[in-house]
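These notebook entries record what I looked up in one structure.

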Amino acid sequence: MSKKRVGKIHEVVKYPDPVLAKPGETVTVFDAELKQLVEEMFESMYAAQGIGLAAPQISISQRITVIDVSFKKNPKEKVVLINPEIIDRTGKTVEEEGCLSLPEIREKVTRAEWVRVRAQDVTGKTFEIEGTELLGRCMQHEIDHLDGILFIERLSRLKRDLVLRRIKKMQKNGEW
Ligand code: ZN
């Protein structure tokens, strides 16, 4: 479990917490504890006003991510991806992205337009899911987290340096 939590809500860690740079471990046990963790991840994500959350963001270095691009409006859009991998992708699209671990930072990121992901559900069953637009982008962003990659690493060096300078400034001012 993560270092800090209140009830079901885990604290979302911010860059440069080292857990964010570490690839998550493969999940091998699909038990009640995992189900509980997934529930807590949804609660923590909603509490942080996010539409996607990866376990490393709550200091749990495992390959688990939850997504709800409808933000509570449609339970059918709740997605749980355990040990996900992108098995197919096409096209290119550029949109602005943000991240709960990089508050205030929003930058345009190039992603595949369409992806097919293979993952396991909370019971360990393998399934495939396709996504475009926000879901496609979100799955790519969250799977990056499981590989220890933040979206700022997908920016040009110039853009990334500007973002890092901005973060340093906010840290200096106690705003980070
Ligand atoms: Zn993120």
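**Entry 1. A residue in a loop**

Is Phe71 buried, partly exposed or exposed? I noted first that the model is predicted. I then looked up Phe71 and found a relative accessible area of 24%. Buried means under 20% and exposed means over 50%, so Phe71 counts as partly exposed. Phe71 lies in the loop between S4 and S5. Its phi is near 45°, a positive value in a residue other than glycine.

**Entry 2. Other backbone angles**

I recalled that most residues other than glycine have a negative phi, and that most peptide bonds are trans. I therefore listed further residues that depart from this pattern. Ser59 has a positive phi near 65° and is not a glycine. I located Ser59 in the loop between S3 and S4. Pro16 belongs to the loop between strand S2 (9-10) and H1.

**Entry 3. The sheet**

In which order do the strands of the open sheet lie? I read the order as S3-S4-S5-S8-S9, with 5 strands and antiparallel pairing. Strand S3 (52-54) and strand S9 (126-132) are the edge strands, and each pairs on one side only. On average, neighbouring strands of this sheet are turned by 40° against each other, direction ignored. I reminded myself that strands of a sheet pair through backbone hydrogen bonds.

I then examined one pair in detail. Strand S4 (residues 64-68) and strand S5 (residues 78-90) run antiparallel and are joined by 5 bridges. Within this pair, Thr65 stands opposite Leu81 in S5.

**Entry 4. Two helices across the sheet**

I next asked which strands helix H1 (residues 32-47) lies across. The strands are S3, S4 and S5, and H1 runs at about 45° to S4. H1 has 16 residues and reaches 23 Å from its first C-alpha to its last, close to the 22 Å expected at 1.5 Å a residue. Its buried residues include Leu34, Leu37, Val38, Met41 and Phe42. Glu40, Ser44 and Tyr46 are also among the buried residues of H1. I noted that S3, S4 and S5 are among the elements that cover these buried residues, as are strand S1 (5-6) and S2.

Helix H2 (residues 133-146) lies across S3, S4, S5, strand S8 (114-120) and S9. I recorded its angle to S9 as about 125°.

Apart from its neighbours within four places in sequence, His141 is in contact with Glu97, Gly98, Cys99, Arg111 and Phe151.

My last subject was helix H3 (residues 157-172), which has 16 residues. H3 reaches 22 Å from its first C-alpha to its last, close to the 22 Å expected at 1.5 Å a residue. Which residues of H3 are buried? They are Val163, Ile167 and Met170. These residues cover an arc of only 60° around the axis, so they lie on the same side of H3. The buried residues of H3 pack against strand S7 (107-111). On the other side of H3, the exposed residues are Arg157, Leu158, Arg165, Lys168, Lys169 and Lys172. Just after H3, Gly174 takes a positive phi of about 70°.

Technical notes
Residues numbered from 1 in each chain as written. Predicted model: local features only at pLDDT ≥ 70, side-chain atom pairs only at ≥ 80, totals over all residues. Heavy atoms only, no water. Pairing = 2+ DSSP bridges. Helix = DSSP H or I, 4+ residues; strand = E, 2+ residues; numbered from the N terminus. Axes fitted to C-alpha atoms, helices over the stretch in contact; angles between N-to-C directions. Contact = heavy atoms within 4.5 Å. Expected span 1.5 Å × (residues − 1). Buried < 20%, exposed > 50% of the residue type's maximum accessible area, 1.4 Å probe, protein only. Arc of directions from axis to C-beta.
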